[in-house]
Amino acid sequence: MASSMLNSISISVSDDESDEIAGRMRVRVRKKRKRLGFRARSDAVRRIVRMIVRYWPLLIFMPAILILLFFELPSIGSKPEVKQVPDLAVEKENMGNLDRPRTRMVNGVREPCLKILPPEEIQHLEFPIDVEPNSPVKRVVYKSDGDKSFASISVLSQQYTEATRFNLFTGNQTLHERKESFKVNETAVVNCGFYSERGGFEISDEDKSYMRTCKAVVSTCAFGGGDDLHQPIGMTEASLRKVCFVAFWDEITRSAQEAEGNSIGKDCMIGYWRVVVVRNLPFSDQRLNGKIPKMLANRLFPQARYSIWVDSKSQLRRDPLGVFEALLWRTNSVLALSEHGARSSVYDEAKAVVKKHKATPEEVDVQMTQYHHDGFPDNKRFNGKKALCEASVIVREHTPLTNLFMCLWFNEVVRFTSRDQLSFPYVLWRLKVQTKSLRARCSPVKREKKNRCMCSILGPPRVSPASGST
C-alpha cells in the first residue's frame, strides 16, 4: 500500500532547493538498527539443531566406536590365537606340572598326598594273590524277584512316584528290611539293584560279555546329554592291558556326542574308553541313574576285583595300577574316597545342600530326622579323619564287605536324597565295622576345583594264610 501511495504523489523540487531539502531529509531519517548478533546466534542454533536431527545416530555410536578402538588398538595387527586340539600321545608324554607332587600337612610336616610309584615300577605290578579277607562278612546274597523267597516282597510299578523311588529295579525295601540289612552277618542278604529283569538298565549281551572279562575297571557315566568324555592320561602299558575303561551312556548322550563329532567306533571304543549304551533307565532322575554305575560296580562287573569310579566332570590323571598300589595294596585297605573340602558334619552338610537348592528341604528333613532317630551322632571325624567325604572318585576292592557297604549306600540314596555324601558316614556308622588307622591320600583326578585328598576307609586287616598275622 505504501508503494502505491508513492506512485500517485509527485513532488516538484527546484534545483536550488534540492540539496537543502535532501540534507534535511537525511537528518530527519532515523535508520533502524539491526540486531545482527542475536540473529546470528539464532541461525547458528538452528543449524546445530538441524545437524543433530540429521546425524543423531552417528553422534550416539561415535563414543562407543572410539572406546572400542581404544581397547582393541593394541591387538590390531597381532597374530590371532590358534586353539590346538590336544593329542593323546602328546598329553601322555608331556604331563606338565602333573608330576609335581601334591602335598599336605600331616602332624606339622608337609608330605606328598599320593606317593605313587614311578612308571617303570608300575609296569611290573601284578594283582595281589586273592586271599580271604579277615572280615565279618563272607558272602552277600542279592535279592531278586527270581528267588521265590523274595518274590512276594512287593509288586511295584516301574514308574517313578512322589511317594517312593523304589521300583522294579530296586525292589521295595521296607523299613524293617532296612533295619535288618545293617546287621553284619557272615551271609548278608540285601537289596542291591537289578531286582527284576523288567527293572530297566538294559545292556546288550555283547557288552555284558565284555564286562565279565574285566578283572579291574575304571568307570564313568553320562546320562541325559551329560558331560564330554575326558580321555585318561598318564597311563602305562601295563594298565592298558590289565584294566578296562568303561563309560556308560544312554541314547540321549550318544546322540548329543555324535552331533559334536564324537562317534562310537565299530569296536565300541572312543579313545581308551569302551562305551556301553544303556537303554530303559529305571529312574526319571538322571542323578539316580548315575548312582547305578557309581555304586554298583560289583553288580555290573561280577568278575572284577578292583574298580575306580571317576565322575564325568573329572579326568583320570594317574595310572590305575599305581592308584591301587598306593591307596589299597600298600596300606592294606579296601576302600578309598576323597575327603570333603568344606565341611565335616553331615548335619552341617544337610543345611548347605538345602541352601544351595541341591535337594528340597522336605526330603532332607526326612533323612536327617530318620538319622537322628536312629541315634546317629554329629561326629565330625572318624579315627582322626573327616567323617564327611566327597565321592567324586571311589577306589575299592570288591570284597563281600565293600560290596555290602555299597549296596546299603545305594539303598539310602534311593530312599532319601541323591546327595550321597549325606548317607555315606551314616552307613559306615551303622555297619559298626572296626576301621583301621586312616591315612590321607590325594585324589588321582584333575578337577575344576582344587585337588582333594583321599582317605583310606573301611579297611579291616586281612590275614595271610602264610603268616597268620596282619
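Salt bridges come to 14 in this structure, which is a predicted model. One of them pairs the side chains of Arg-178 and Asp-374, with N and O 3.5 Å apart. That pair ties together distant bits of chain, 196 residues apart: Arg-178 sits in helix α7, while Asp-374 is in the loop between α15 and β12. Arg-178 is buried at 4% relative accessible area, whereas Asp-374, at 23%, counts as partly exposed.

Another bridge brings Asp-207 and Arg-274 to 3.0 Å, N to O.

Lys-291 belongs to helix α11 and Asp-420 to the loop between α16 and α17, 129 residues apart. Lys-291 is buried at 10%, and Asp-420 is buried at 4%. Through shared partners, salt bridges also join Arg-178, Asp-374, Glu-412 and Arg-430 into one network.

Trp-409 is among the residues with the most contacts inside the largest nonpolar core, a set of 63 residues. Helix α16 gives the most to this core, with 10 residues. Apart from it lies another core of 31 residues, including Ile-270 and Phe-324.

Glu-349, in helix α14, is buried too, at 4%. Its side chain makes a polar contact with that of Gln-421 at 2.8 Å, and other contacts of Glu-349 include His-340, Arg-343 and Leu-388.

Key
Residues are numbered from 1 along each chain as its sequence is written. This is a predicted model: local features need pLDDT of at least 70, side-chain atom pairs count only at pLDDT 80 or more; totals for chains, interfaces and linings use all residues. Side-chain values use heavy atoms; hydrogens and water are left out. Helices (H or I, at least four residues) and strands (E, at least two) are DSSP runs, numbered from the N terminus. Buried means under 20% relative accessible area, exposed over 50%, partly exposed in between (1.4 Å probe, protein chains only). A polar contact is a pair of N or O atoms within 3.5 Å; within protein, one must be able to donate a hydrogen and the other to accept it, and residues adjacent in sequence count only if both atoms are side-chain atoms. Contact means heavy atoms within 4.5 Å. A nonpolar core is a set of buried Ala, Val, Leu, Ile, Met, Phe, Trp, Tyr and Cys residues joined through side-chain atoms within 4.5 Å. A salt bridge is a side-chain nitrogen of Lys or Arg within 4 Å of a carboxyl oxygen of Asp or Glu. Lists of a residue's contacts leave out its neighbours within four places in sequence.
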